[in-house]
Amino acid sequence: MNKLIQNEMMKLVAKKRLLVIALIIGVLVILFTYAQYKQVQTQREKLGTSDWRTILQQQIVDTTNRLSSSRISDEWKKQLQISLQQQQYYLDHDINPAEPGAPTFMRIFLENSIDLFIPLMVMVIASDLVSSEHSLGTVKLLLTRPVKRWKVLLSKYITLCLAVSLIIAIAGFLSYAISGVVFGYKGWGAPILTGFNVTDQGLNTSQVKLLSLWKFLLMDFGLVWFVAIVVGTLSFMLSVLIRSTAAGMGVMLAALISGAILNNMISSWESAKYFFMVNLRLTDYLKGTAPPIEGMTLSFSLLVLLVWWLAALSVSFIVFTKKDVY
């Protein structure tokens with residue numbers, strides 16, 4: 001098994017896709033860092049101060065003014081009300097929700113990448129692992145070796161899990177290393193609040209807890225990794241079912257993009273909460289953001305994604321071990 005995994009890793013490295021993914025992440029982090037820097041500079045010029053309390057108070061005023069508009073929908077108004085309550089809670093407890101520093105940038109980058117960008121990077125790897133064997137004509141040679149089919153597929157899946165872990169590590173390292181040049185590398189012990197619970201009545205703060213940022217980041221990384229594994233497994237299944245890499249990537253790309261669109265449009269479509277792409281933004285539960293469909297919780301989304309992961313993995317192994325190769 002170790003030799004099979006080593007062989008798959010050598011194939012992956014030879015294709016240089018991990019290097020390309022690292023370059024893409026690096027470029028995106030640079031763009032995000034510049035955008036964040038310009039935003040901070042604009043706020044300072046507008047308010048004439050860098051005091052976070054003054055900036056947060058201005059954000060509260062802006063949110064309140066937006067709520068007074070009659071042109072926003074009830075759904076968006078509810079989101080703004082929850083955001084306003086969170087901002088006020090941070091101000092009342094004298095906690096900066098955006099402590100300057102590379103760790104804060106890393107958290108924001110991960111939270112904004114969890115449902116589309118990182119899954120897309122994972123999809124590039126996963127969609128090619130099995131289908132490329134068909135397109136290159138090496139699948140027959142691979143299956144004629146004195147190794148059971150399930151072991152061959154398992155070696156590919158373990159390679160996928162290692163690649164996913166490496167992509168998450170690269171994203172974390174580059175976001176910290178690059179943004180630290182601009183914002184500094186301090187802030188691991190900055191306080192951050194979690195445990196906000198969105199109910200029918202609004203924001204419930206009875207279970208709010210104060211954590212150090214490094215502990216919060218560990219939870220963020222865990223959730224991002226889990227989402228990446230689920231999306232990678234679904235892409236892996238498509239790679240087994242569809243012999244064309246491009247077709248498999250197209251199907252998964254359409255699913256991810258539709259999920260990003262559905263998150264803003266499905267508040268009244270309750271059964272949509274069972275779609276995997278609607279449950280990808282797990283980090284929103286840590287922040288206390290209202291879920292796309294009322295009643296969704298972190299436990300529910302984790303369970304839904306777990307079911308999709310198990311189903312995709314089962315289909316992959318059943319089909320690969322039984323289908324004819326010609």
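In which helix does Thr104 lie? Select Thr104 in this predicted model, and you will find that Thr104 is part of helix H5, which runs over residues 102-113. Because its relative accessibility is 7%, under the 20% limit, Thr104 counts as buried. Leaving aside residues up to four places away in sequence, show the neighbours that Thr104 touches, which are Ala98, Glu99 and Leu213. For a sense of scale, select Leu310 as well: Thr104 and Leu310 are 206 residues apart along the chain, and 33 Å separates their C-alpha atoms.

**The aromatic rings**

Next, select Phe109 and Phe117, which are both buried. A search of the whole structure finds nine aromatic pairs, and Phe109 with Phe117 forms an edge-to-face pair, with 6.3 Å from centre to centre and 70° between the planes.

From Phe117, move to Ile25, which touches Phe117 along with Ile167, Ile170, Ala171 and Leu174, when residues up to four places away in sequence are not counted. Ile25 also belongs to the largest nonpolar core, a set of 83 residues in which Ile25 and Phe276 have the most contacts inside the core. Colour helix H10, residues 213-241, to see the helix that gives the most to this core, with 16 residues. In soluble globular proteins, nonpolar side chains tend to be buried together.

**A threonine in helix H9**

Now select Thr159, which lies in helix H9, residues 149-183. Thr159 counts as buried because its relative accessibility is 1%. Which residues does Thr159 touch, not counting residues up to four places away in sequence? They are Ile5, Glu8, Met9 and Leu12.

**One face of helix H11**

Turn to helix H11, residues 245-262, whose 18 residues reach 26 Å from the first C-alpha to the last, close to the 26 Å expected at 1.5 Å a residue. Its buried residues are Thr245, Gly248, Met252, Ala255, Leu256, Gly259 and Leu262. If you look down the axis of H11, these buried residues fall within an arc of 145°, so they line one face of the helix.

**A charge over a ring**

Finally, select Lys273 and Phe300 together, where the charged end of Lys273 sits over the ring of Phe300, at 5.3 Å from the centre of that ring.

Key
Residues are numbered from 1 along each chain as its sequence is written. This is a predicted model: local features need pLDDT of at least 70, side-chain atom pairs count only at pLDDT 80 or more; totals for chains, interfaces and linings use all residues. Side-chain values use heavy atoms; hydrogens and water are left out. Helices (H or I, at least four residues) and strands (E, at least two) are DSSP runs, numbered from the N terminus. The expected span of a helix is 1.5 Å times one less than its number of residues. Buried means under 20% relative accessible area, exposed over 50%, partly exposed in between (1.4 Å probe, protein chains only). The arc is that of the directions from the helix axis to the C-beta atoms. Contact means heavy atoms within 4.5 Å. Rings of Phe, Tyr and Trp (its six-membered ring) pair if their centres lie within 6.5 Å; planes under 30 degrees apart count as stacked, over 60 as edge-to-face and the rest as tilted. A charge sits over a ring if NZ of Lys or CZ of Arg is within 6 Å of the ring centre and within 35 degrees of the ring normal. A nonpolar core is a set of buried Ala, Val, Leu, Ile, Met, Phe, Trp, Tyr and Cys residues joined through side-chain atoms within 4.5 Å.
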